[in-house]
Amino acid sequence: MTAKTSKHEFRSNTVPAFVTVGPVAVLLLFLVVAPLVLVAVMSFCRTDEFYNVVYKFTAVNYTKLFSVDYLRIYGQSLLIAFVTTVICVLVGYPFAYVIARNKTKWKKLLYMLVIIPFWTNSLIRIYGWRAFLGSSGWLNKLLMTLHIVSEPVDFLYKTGTTILGMVYCFIPFMVLPLYTAIEKLDGSLLEASSDLGAKPIRTLFEVIIPLTASGIFSGCIMVFIPCLGYFFVSYILGGGNTDMIGNLIERQFKSANNWPLGAALSIILILVTLLLVKLYQKLGGDMDNLGV
Amino acid sequence: MKISKKESKEKRNKGLSIGFCSMVYLFLFIPIFVVVSNSFNATTSKPYLSWKGFTFDWYLKLWDNTSLLSSFGNTIIIAVSSTVLATIIGTLGAIGIYRYKFRGKGIINGLLYIPVVIPEIVIGIALLTIFSNVKIPRGMLTLILSHVSFSVPYVIFNVRARLSGYDKSIEEASMDLGANRVVTFFEITLPTLAPGIAGGALLAFTLSIDDVIISYFVNGQTKTYPLKVMESIKSGVSPDVNALSTLVLIGTIGLVFLTQSGLLTGKHKKI
Amino acid sequence: MKRKILAGLISLSLLALAVTGCGGKSSEKAGDNGELNLFVWTEYLPDSVVSKFEKETGIKVNVSTYSSNEDMLAKVKSETAGAYDVLNPSDYMVAQLIAQDMLKPLDFDQLPNFSHIGESYKNPSYDPGNVYSVPYMGGAGAIAVNTDKVDIEITSYADLFNPALEGKLVVLDDFRAVIGMTAKAIGYDLNETDPARLAEVSDKLMELKKNVVLYDSDSPKSALISGDCDAGMIWSAEVAMAMEEVPSIEVIYPEEGPYLFLDNWVVTKESPNYDNAMKWINFVMDPDNMAMILEEFPYLCANTDAIAKMGDSYSGNLAKNPPADAIASGSYVQNLDSDVLDIYSEMWTKLKE
């Protein structure tokens, strides 16, 4: 009797649980866990003379990674990602604030105008920047027509150009979460603060920013981390002379034919990411605010 | 006196914020202007950057560029099939994770964040590694599998957000009234979750359609539209690519405005 | 949030249905006689020639492109066997592919047009007896200079290291070409293997780093035409194409002797469309078809009968048809040991950071 009930219970819960969660579990196992484990294993391997991966333990890839050159590229990538994030906050915050506190009928349109550019393929927009900033591009033509400069200025293929492209790619990921956070702000709080005699600047730092901190944090994570891996921005706008971690990994899996080294570089990148996410959680960030 | 000073200050602030926002909008739209205007460029020599006069030719030539069109077709096929798969798997998964107790639930929940937070390039090389090790030929299949793998978490998050406000007692009532599990699922559970599912599906679709980095590693010889653009960037983007982008942009904007104004959903038809 | 960003994109599918309808149908026209998967260099094969082949033979051709020999090797090796039929490797890469047993011998009964290839191009050292390969086009890593913008005299690779050229150069995004050029500039071999000398080359590269703003193997002429770069070391035919757009650009073959390359047609070992591959190789060796290719991409050509059709605009142009003494003084890339290649890779990483 008892056996029968528990068998029934087993059926009634295990089968549906299996049917519903099974596919996700299989997917995660084969397309997330297994690939990453394989990458971790491969990072301890080396290649033979024909660039084939030889599954034999070595730590040589990691010792290589701690050479000055690779560390410098890591430093440079982190710096570029950091500068990009800071610019996104500095520009994105006031921008999001103005749209979110806008009370006219144009608010919805203003919001849509942030999104519309992103309905065009991202690569072709980055290429549009190249056409705009080039020696014979629009900007130089304008500057020369206005007699501001007499010869074309070299805007392209600099670290700054890469940062510009990164800011361009990621600024909506900063603006939109900030918009949501700022829109939720209770207007009466701000009034109360100013009624109590607080200067606007004090209201900003003691009321507005703390209340929208969650938006800033999640925006920063959503800009900083993907920035490290976006190899095509520095490829298109950086001229191939400002390598980032992404370019380095891409090269190992393509022209350099050194998958184990690329795997080791990826493992480091994963560790950096996890560290940042941990920090984000420590600061009280909600995982569900990322990416959605 | 004091009031007018305050007013003038407010006016100045308003001017400042309008100026600042216009600059940001300009920044966002500069490349769009470049892309659209270059689709009318009469130039025929690479790298297609200098302006040689106005023409509509590229909008006609576009229809002869079969490799560009078929890459766009591939993108749509991949986006639609990966969205359908991800939506089904994700919706079931979200319900199952929410409802049932089982071992490893915490692990699954944790793993779901991986494709969301890890930089795409790592996902791309990891998928390439596994596909090449188990010898699955790279192409449509691997593209669809990869796109499913990175979209499922987003579907789950969207459905889960809907589930958290979900009242289980309606389902129990349905079962009490004699409906079986399957009927209850289709008649009660799904309609309630519909907005979350639709949101997740939309997100999966948009992620798939603009994906470059992961596709770049697992595409084999199947070209998607973003990869085709990447290839054309190597030798100078020809204006017909700009023309297609412009058409897509116009089409999207048009449809959004139609849906927003309710013409498509038929909201206005009710008198 | 992303949902909001792209909320409207779902509508794309509607638009796309129309597009795929058209695109799908027209691309099925050719294909009655099977398929052929080509993997070639970017900017090396005109679309018009591919569609002519499709029309004549009813074979559907899928073209993919690569930017360096190593890129090609990586992609071919990472794909399942038989993903590509025909590859377009340079000299040393042919040897490498043969060594890795990745190629299938050619069937010369199906390649009557091989007779149009010049005798001096036959029987190369990297593939004795042309068992696996037939030559296509080649050239030199030539120097391009926009004389309107560069005042210093440039006659050698070493001159490209002149600080006066800071921030002005475009060079090939190819580690063997750039490192080889640097080795030549300080008097060493294009294929230098001595670690001590390579250390010197590495230091010299840091001088080059200041001058180079763009690494581009695909279409380096673009940056010269648009004026973003004023000089560089690029494929000789790319200089020729830049010269046609901007008359003040000149071609210079370096005193040290240029870096040379010769690209070939080969068939992969597991090629599922071997006969179609033979048809393709025979097709491009036809002098008329080869002349069509040379009109668009004027490289040094192994097909002497095609050159005869080109006339003086080709033969008389130094960039299109490099002079014999430049070729004689130049050298080809050789395969190196993996330890040495590791050093090359490290140098390249350091250069591009």
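Mentor: Let's start with confidence and then go through helices, chains and domains.

Trainee: What kind of model is this?
Mentor: It's a predicted model, where local features need pLDDT of at least 70, side-chain atom pairs count only at pLDDT 80 or more, and totals for chains, interfaces and linings use all residues. Residues are numbered from 1 along each chain as its sequence is written, while chains are lettered from A and ligands numbered from 1 in the order in which they are written.

Trainee: What ipTM and pTM does the complex get?
Mentor: The predictor gives an ipTM of 0.90 and a pTM of 0.91.

Trainee: And what's the average pLDDT of chain A?
Mentor: Chain A averages 88, with 95% of the residues scoring at least 70. By the way, pLDDT is the predictor's confidence in each residue, from 0 to 100.

Trainee: Where in chain A is confidence lowest, and where is it highest?
Mentor: Helix H8 (residues 187-195) of chain A is lowest, at a mean of 76, and H13(A) is highest, at 94. Helices here are DSSP runs (H or I, at least four residues; strands are E, at least two), numbered from the N terminus.

Trainee: Got it. How do chains B and C do?
Mentor: Chain B has a mean pLDDT of 88, and 94% of its residues reach 70 or more. In chain B, residues 263-271 stay under 50, with seven contacts beyond four places in sequence. Chain C averages 90, and 91% of the residues score at least 70. Residues 1-14 of chain C are below 50, yet this stretch has 43 contacts beyond near neighbours in sequence. Residues 17-30 of chain C are also below 50, with 22 such contacts.

Trainee: New topic: how do H7 and H10 of chain A sit against each other?
Mentor: The axes of helix H7 (residues 159-184) and helix H10 (residues 213-229) of chain A come within 8 Å and cross at roughly 160°. That's why H7(A) is roughly antiparallel to H10(A). The cut-offs are under 35 degrees for roughly parallel, over 145 for roughly antiparallel, 65 to 115 for roughly perpendicular, and oblique for the rest. Axes are lines fitted to C-alpha atoms, for helices over the stretch in contact, and angles run from 0 to 180 degrees between N-to-C directions.

Trainee: Which residue classes make up the contact of H7(A) with H10(A)?
Mentor: The contact has 12 nonpolar, five polar and no charged residues. Nonpolar means Ala, Val, Leu, Ile, Met, Phe, Trp, Tyr, Cys and Pro, charged means Asp, Glu, Lys and Arg, and the others, Gly among them, are polar.

Trainee: How many residues join chains A and B?
Mentor: Chain A puts in 64 residues and chain B 65. H1(A) gives the largest share of chain A's side, 19 residues. That side divides into 47 nonpolar, 14 polar and three charged.

Trainee: Last one: which domains does chain C have?
Mentor: Chain C is divided into domain 1 (29-138 + 261-321) and domain 2 (139-260 + 326-352), with bounds from an automatic or database domain assignment. Their centres, taken over C-alpha atoms, are 26 Å apart. 18 residues of domain 1 of chain C are in contact with 18 of domain 2 of chain C. Helix H5 (residues 91-99) of chain C gives the most to domain 1's side, with four residues.

Technical notes: Contact = placed C-beta atoms within 7 Å.
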